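Subject: Structure handover

Hi,

Here is the structure I promised to pass on to you. Have a look at it first, and then read on for what turned up.

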Amino acid sequence: MTNTPASKATPEATSDSTSASTPASGDPVEGVEAVDATVPWRRLVPLSAQHVLAMIAAPVSTVFLVAGTLRMAPGATASLLSAVLLLCGAGTLLQSLGVWRIGGRLPFVMLPGGAATALFLQIAQDHGAPTAAGAVLLAAALLLAVLPLYARVVRLFPPLVMGVTVLLIGIAMIRVAARLVTGPDGTGEPRAVLLAGLTVAATVAAYVFLRGVWRQTSVLIGMAAGTAVAVATGLGGFAPAAGSGFALPAFLPFGTPRFDLLAALPLLLFSLTTLAEITGQTVLNSETVGRTPAPERDVPRVARADAVVSLAGGLFGTSLMVTSAENIGIGRLTGVRSRFVTAGAGVLLVVLGLATPVSRALAGIPEAVVGGSALVVYAVIAVMGVEMLRRADLSGTGTGSLTAALALTVGLLPLLTPDLYAGFPGWARTILGSGVVAGTLTAVLLTALLGRFGPESRHSAPPDPHARQ
């Protein structure tokens with residue numbers, strides 16, 4: 001996802017959105033903004049389903065990555081998928097409709113954060129799943145706590161810092177995704193590697209040759225194709241979990257959460273960086289629906305909804321839930337800007353989350369297929385980090401290139417030499433041994449220090465009024 005500001009609405013889009021201001025009776029409503037207009041039921045259902053199709057790959061692939069990495073049983077995987085879909089639906093409803101000062105009342109959908117999931121898995125592998133669940137609760141609480149200081153906190157995470165963080169997360173998780181293919185010992189069976197490669201190929205083919213919503217579901221299509229190949233060729237098996245009907249997901253699936261501030265540090269830092277991304281997405285969505293952007297009002301509301309749903313996520317075994325800008329393109333494409341369309345998508349997601357047969361069938365996807373899809377997902381996250389760095393000033397004359405170089409070096413060292421800090425105290429190993437934490441902290445500190453004392457600060461200093469003319 002990028003935070004590039006959208007262009008102003010075109011006259012064509014404005015005319016297309018007029019139908020969104022039409023109630024079920026067909027009479028236009030004067031004085032109603034397109035974003036607040038109702039949509040007739042006959043149009044609401046297909047438009048809402050389109051949003052679900054565009055975002056469903058993210059929660060499904062995220063759950064399978066978590067389940068595969070943590071070696072969860074099919075029944076537990078199905079329960080986790082139900083929880084994620086329910087939370088996606090609840091978060092989408094909250095952002096679209098708003099309750100008090102929670103939710104932006106904009107056509108947003110909510111997803112499990114890919115980068116946040118990567119950090120969740122890192123904590124779970126290093127400190128155990130209960131500690132990872134506790135980290136989610138701590139990170140969500142921190143996000144709520146810092147919102148009164150929103151203007152000050154968001155300045156700590158310019159594009160350079162965000163780019164370093166996201167790039168390191170993507171690189172770290174490519175290694176984790178590869179272990180789904182090779183197994184814990186790092187030695188993969190040829191058939192597993194082949195199946196993962198075919199899954200990647202199917203995903204790429206879907207992305208290249210399909211268009212519109214189908215292209216946006218290329219990851220899901222790749223997983224379906226990989227599973228079909230596995231069953232047809234014997235490279236893998238498909239074993240859905242037992243169960244039927246409707247059911248609620250398991251509460252505290254990893255047991256009582258454990259709270260460890262040092263272990264939670266990666267997610268705590270990430271929760272702060274999300275404020276910068278939320279700001280860009282809120283401005284982008286506001287401009288798309290024709291509303292004058294008001295970040296000081298809307299960003300805290302969007303962030304509160306993220307934090308509230310993430311608190312629930314920590315209790316049901318998920319990582320941080322984040323508002324996504326992926327659905328904004330659909331709104332621009334259709335010209336329908338009503339937030340009630342995404343609210344309808346939220347209702348559909350809740351129904352899918354309660355439909356046990358759906359989640360239990362999806363839980364039978366082979367692990368190598370999940371690994372292949374995860375490689376694509378986290379490679380894309382790494383590229384997103386590169387795109388963010390491109391928006392920073394990395395010219396040789398400034399300090400940005402030096403800051404990025406040193407931060408990436410500090411962040412990559414634990415990945416390239418895992419035993420580098422083996423002789424350090426436990427608290428130091430927790431901070432320095434996490435490439436994401438070490439790299440992000442380095443980027444924040446260097447940005448602040450070099451911005452204040454570096455050559456750029458001297459060049460931009462205001463002239464001394466007492467200096468001789």
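Predicted model: local features only at pLDDT ≥ 70, side-chain atom pairs only at ≥ 80, totals over all residues.

**The whole protein**

The protein contains 21 helices and two strands. It has 469 residues, and 52% of them count as buried. Among the contacts with a separation of 6 or more, 82% are between residues 24 or more positions apart. The protein exposes about 20500 Å², and 66% of that comes from carbon and sulfur atoms.

**Aromatic pairs**

A pair of aromatic rings is described by the distance of the centres and the angle of the planes. The count of aromatic pairs comes to three. One of them joins phenylalanine 251 and phenylalanine 316 edge-to-face, at 5.5 Å centre to centre and with 75° between the planes. This pair links distant parts of the chain, with its members 65 residues apart. Phenylalanine 251 sits in the loop between helix H11 (218-233) and H12, while phenylalanine 316 sits in the loop between helix H13 (295-315) and strand S2 (321-324). Phenylalanine 316 counts as partly exposed because its relative accessibility is 24%.

Tyrosine 421 belongs to another edge-to-face pair, made with phenylalanine 424: here the centres are 5.3 Å apart and the planes stand at 90°.

Helix H12 covers residues 261-288 and includes threonine 282. Serine 286 lies in helix H12 too. Threonine 282 has a relative accessibility of 1%, so it counts as buried. For serine 286 the value is 1%, and this residue counts as buried as well.

What does the side chain of threonine 282 have 2.7 Å from one of its polar atoms? The answer is the backbone oxygen of isoleucine 278. In turn, the backbone oxygen of threonine 282 lies 2.8 Å from a polar atom of the serine 286 side chain. Threonine 282 therefore takes part in both of these polar contacts, as each distance is within the 3.5 Å cut-off.

Setting aside neighbours within four places in sequence, threonine 282 is in contact with Leu106, Phe108, Asp298, Val299 and Val302. On the same terms, serine 286 is in contact with Leu106, Arg291, Pro293 and Asp298.

**The salt bridge**

Asp298 comes up again here. Side chains of opposite charge can pair when their charged atoms come close. A search of the whole structure finds one salt bridge. It brings together the side chains of aspartate 298 and arginine 297, with 2.7 Å from N to O. Is aspartate 298 buried or exposed? Aspartate 298 counts as buried because its relative accessibility is 1%.

**Two arginines with positive phi**

Arginine 71 has a phi near 55°, which is a positive value in a residue other than glycine. Arginine 71 is found in the loop between helix H3 (57-69) and helix H4 (74-97), and at 42% relative accessibility it counts as partly exposed.

Arginine 105 also has a positive phi, of about 55°, although it is not a glycine. Its place is the loop between H4 and strand S1 (109-112). With a relative accessible area of 37%, arginine 105 is partly exposed.

**A nonpolar patch**

Which residues make the nonpolar surface patch of about 430 Å²? They are Val204, Tyr207, Val208 and Phe209. Phenylalanine 209 lies in helix H9, which spans residues 190-209. Phenylalanine 209 is exposed, because its relative accessible area is 67% and the cut-off for exposed is over 50%.

Definitions and conventions
Residues numbered from 1 in each chain as written. Heavy atoms only, no water. Helix = DSSP H or I, 4+ residues; strand = E, 2+ residues; numbered from the N terminus. Buried < 20%, exposed > 50% of the residue type's maximum accessible area, 1.4 Å probe, protein only. Polar contact = N/O pair within 3.5 Å; in protein donor to acceptor, adjacent residues only side chain to side chain. Contact = heavy atoms within 4.5 Å. Areas by Shrake-Rupley, 256 points an atom, 1.4 Å probe, with all protein chains shown as cover. Patch = residues over 30% accessible without salt bridge, like charges linked within 9 Å, V, L, I, M, F, W, Y side chains within 5 Å. Salt bridge = Lys/Arg side-chain N within 4 Å of Asp/Glu carboxyl O. Phe/Tyr/Trp six-rings, centres within 6.5 Å; stacked < 30°, edge-to-face > 60°.
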